[in-house]
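Me: I would like to learn how to read the features of a model like this one. Could you take me through them step by step?

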Amino acid sequence: MLLIINSCRKDKSQNLPLSKTELIAEAQSYFKDEIVNLPQLNDNNLRHSLDKTPLWDKASTRKVSIGEAVIVPIKYEQKIKIGYEDSKDEKELEKTSYLMLYKDKKQKMQAEWVTLLPTATSNGKKFVGTLIIEQWDGKFKRGYAIGDDEEVFSIEPSGEQIFKKIAYKRREYCFTINHYGYISVGGYNGPQQLLGSESFCSGTANNGETEKTYGSSEGGGTGTEDYTYTIDCANVINGTAYWDYGCNTCMGGTTGITECLPPEYVCNCDCPEEDFEMLDASLNYEPKWGQLGNKQQIKNEVNKITSINGFNNLSLKNKLSNLQAHFFADRMYTRDFQNNLIDAPNSKFVDRYVYTLDRGWIDMHHFFYAAYLSESYSPLIAGIATSTAEEIQGNITSLNNSSFSYEDKPSNLAGIDFWQKYHNSLDNGSLDFQTAIVNYLTLLNAKEPTEAPNFEYIPHIIDGLAPKNKNYKGLTGEELRTLAKESYCKKTLQAKMNIWEAHKKFGYSAH
């Protein structure tokens, strides 16, 4: 039996390949020194309690997703069959399980006890059933239940016995695998009996989005069946993505990545490993990919509000309130079931950020909010209020990441300055907002987003790793680039690849 979870494909060899004999000898030596004497779990699981012996004389090697693996059949002290409860289809444990040894991507040897239990609907082209991956001592590592329609459930052992094939409890899918064997009396085996069972439960089907399994569950037992079922490193069923060791990332398939990071995106640091791509925290704001604009694009956003029927009849205070509300918009990203990076349903397509030589990045929401407070109270109150708000956020753990974002205070000061320069003309109607905003951004030397020193490092997902700035002077030039790269380099490699993917797939502007 063969089940392949093809989570990655090794394209670039880091070491000269060993021969089949050398691979098996190395694996056997590791098993003897590190694994064989580990105590077995005492968990009342019959399968775990069986003495088992690897048949090294029957060991073979097989090309798996992360390189070469050694596949070793297992002989158990007792002939045991396993099968789903209420099913007459049973499999001999010796023919549906095996020991697999391989080196992970850090070149550390791994040993795993793999057990496969197909259902009656499995065939030579598609595996349907349960895959259990454990340490040799029986400690559970991970498992999957794979359905007829290619649903993939991550499963975990259940502490309670389930005596129905399918039970729904708290949105869980549960099933039981029975252990069958013979009790010997006077040297003769009696009829087959139910000797034990084990149960597994999972959440709802995740449409192929399993945790990454870098080749560890690929292999085969000693049976004659041959099942092939693949999940690539982008977690797509039967996908074509592969792990590239030169880039140290998942490429191809639905990832949108076809080449390694360009030099400007590479950090020479001891960066963290992988993590899951997080969703945006709603209060964490900094210049974001897909919301960057130039002077004309900011003018166009302003025009969306000022052209609304009745806008000119509003007081200046309400006009500024409507403008700050319009720019209080966040473009959000997520991934679909095929791992494609897409706009989230709640995305708002507003060009919100503009880069200037005088004040660095300007957040137009902060800008118009400070102008609104100046009109409502006074420039002094506006300055105190916006500064105090940053201090409060900085002292609240859940809001700390959003406090003193590097564009916040310069944007607040720019908004107050804008109000002081133009509020009389805007109030008496001698100047319209579109002209006023273009004039003011011209005074600040607004530039194209591509001219910003940190352009390559601007994220699409906000994770709190961004430069902080407690001064009203904006970050510009080499200072901005240096601080932005420092923050960027603290991100995981996968986060960096995700940023580059977004840069290639989406424009920097919302329009």
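Reply: Happy to. Let's begin with how elements are named: helices (H or I, at least four residues) and strands (E, at least two) are DSSP runs, numbered from the N terminus. The chain here has 10 helices and 24 strands. Ala452, for instance, is found in the loop between β24 and α9 (477-489).

Me: What should I know about the model itself?

Reply: This is a predicted model, in which local features need pLDDT of at least 70 and side-chain atom pairs count only at pLDDT 80 or more, while totals for chains, interfaces and linings use all residues. Residues are numbered from 1 along each chain as its sequence is written, and side-chain values use heavy atoms, with hydrogens and water left out.

Me: Is Ala452 buried or exposed?

Reply: The general idea comes first: buried means under 20% relative accessible area, exposed over 50%, and partly exposed in between (1.4 Å probe, protein chains only). Ala452 has a relative accessible area of 5%, so it is buried. Across the chain, 52% of the 511 residues count as buried.

Me: What does Ala452 touch?

Reply: Contact means heavy atoms within 4.5 Å. Leaving aside residues up to four places away in sequence, Ala452 touches Tyr355 and Trp361. Ala452 and Leu357 are 95 residues apart in sequence, yet their C-alpha atoms are 8.6 Å apart in space. For the whole chain, take the contacts with a separation of 6 or more: residues 24 or more positions apart account for 68% of them.

Me: Which residues could I look at for an exposed case?

Reply: Beyond residues up to four places away in sequence, Glu156 touches Phe140, Ser199, Phe200 and Cys201. Cys174 lies 18 residues from Glu156 in sequence and 9.5 Å from it in space, C-alpha to C-alpha. Another one is Glu478 in helix α9, which is exposed with a relative accessible area of 57%.

Me: Is Glu301 buried or exposed?

Reply: Glu301 is found in helix α3 (residues 295-306) and, at 1% relative accessibility, counts as buried. For its side chain we need the idea of a polar contact: a pair of N or O atoms within 3.5 Å, where within protein one must be able to donate a hydrogen and the other to accept it, and residues adjacent in sequence count only if both atoms are side-chain atoms. The side chain of Glu301 reaches the backbone nitrogen of Asp351 at 3.0 Å. Not counting residues up to four places away in sequence, Glu301 touches His326, Phe327, Phe349, Val350, Asp351 and His511.

Me: How do I read the packing of two helices?

Reply: Axes are lines fitted to C-alpha atoms, for helices over the stretch in contact, and angles run from 0 to 180 degrees between N-to-C directions. Helix α5 (residues 364-376) and helix α7 (residues 408-428) pack with their axes 7 Å apart, at an angle of about 50°. Angles under 35 degrees count as roughly parallel, over 145 as roughly antiparallel, 65 to 115 as roughly perpendicular and the rest as oblique. α5 and α7 are therefore oblique to each other. The contact is made by His366, Phe367, Phe368, Ala370, Ala371, Ser374 and Glu375 of α5, and Asp408, Ser411, Asn412, Ala414, Gly415, Ile416, Phe418, Trp419 and His423 of α7.

Me: How do the residues of that contact divide by class?

Reply: Ala, Val, Leu, Ile, Met, Phe, Trp, Tyr, Cys and Pro count as nonpolar, Asp, Glu, Lys and Arg as charged, and the others, Gly among them, as polar. The contact of α5 with α7 has 8 nonpolar, 6 polar and 2 charged residues.

Me: Where does α8 come in?

Reply: The axes of α5 and helix α8 (residues 433-443) come within 14 Å and cross at roughly 115°. That makes α5 roughly perpendicular to α8. Met364, Phe367 and Phe368 of α5 meet Phe433, Ile437 and Tyr440 of α8. By class, this contact of α5 with α8 has 6 nonpolar, no polar and no charged residues.
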